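Let's take a walk through this structure together, side chain by side chain. Have the viewer open and follow along as we go.

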Amino acid sequence: MSKPITGWIMGRNLRAFLELLSHYADYVFAETDWDTIALGVWDTDDEKPDSWYSYPLVGTSVTLEVSLAQSVGSEVLSVSVTGAETPELQLRTDTLLAAFATI
């Protein structure tokens with residue numbers, strides 16, 4: 001099992017991040033997924049390990065576990081993704097984190 005890929009993104013980019021990550025996992029990201037995640041992330045705190053919200057993206061080729069928590073008082077969301085076993089998926093995940101942290 002590979003180590004988690006961690007980073008942060010701007011909260012306004014969460015949906016786009018998840019939609020693209022889902023695409024790479026061959027998972028169809030639906031409106032109900034978004035509703036569930038938006039509610040789940042609402043009361044999180046990245047400084048409290050037991051306060052993170054996790055959501056599985058169960059695709060046809062891979063299952064990714066995405067853990068999310070807000071940086072309280074800012075627009076930043078901390079992100080951890082496990083399950084990206086191939087070098088290609090690891091690079092794509094890391095690239096998405098870098099891109100959505102800067103825009």
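Which residue forms a salt bridge with Glu-19? Keep in mind that you are looking at a predicted model. The partner is Arg-15, and the closest N and O atoms of the two residues are 2.9 Å apart. Both residues sit in helix α1, and because they are 4 residues apart there, about one helical turn separates them. Arg-15 is partly exposed, with a relative accessible area of 27%, and Glu-19 is partly exposed too, at 36%.

Stay with Arg-15 for a moment, as there is another contact to find. The side chain of Arg-15 also meets that of Glu-31 in a salt bridge, with 2.7 Å from N to O. This pair links distant parts of the chain: Arg-15 belongs to helix α1 and Glu-31 to helix α2 (residues 31–41), 16 residues apart. Glu-31 is partly exposed, its relative accessible area being 44%.

Now move along to helix α3. Here the side chains of Glu-88 and Arg-92 meet in a salt bridge, 3.1 Å from N to O. The two residues lie 4 residues apart in this helix, about one turn. Arg-92 is partly exposed, with a relative accessible area of 35%.

Let's turn from charges to rings. A pair of aromatic rings is described by the distance of the centres and the angle of the planes. How many aromatic pairs does the structure hold? There are 2. One of them joins Phe-17 and Phe-100 in an edge-to-face arrangement, with 6.3 Å from centre to centre and 90 degrees between the planes. Phe-17 is part of helix α1 (residues 14–24) and Phe-100 of helix α3 (residues 87–102), so this pair ties together parts of the chain that are 83 residues apart in sequence. Are these two phenylalanines, Phe-17 and Phe-100, buried or exposed? Both Phe-17 and Phe-100 are buried.

How values were computed: Residues are numbered from 1 along each chain as its sequence is written. This is a predicted model: local features need pLDDT of at least 70, side-chain atom pairs count only at pLDDT 80 or more; totals for chains, interfaces and linings use all residues. Side-chain values use heavy atoms; hydrogens and water are left out. Rings of Phe, Tyr and Trp (its six-membered ring) pair if their centres lie within 6.5 Å; planes under 30 degrees apart count as stacked, over 60 as edge-to-face and the rest as tilted. Buried means under 20% relative accessible area, exposed over 50%, partly exposed in between (1.4 Å probe, protein chains only). A salt bridge is a side-chain nitrogen of Lys or Arg within 4 Å of a carboxyl oxygen of Asp or Glu.
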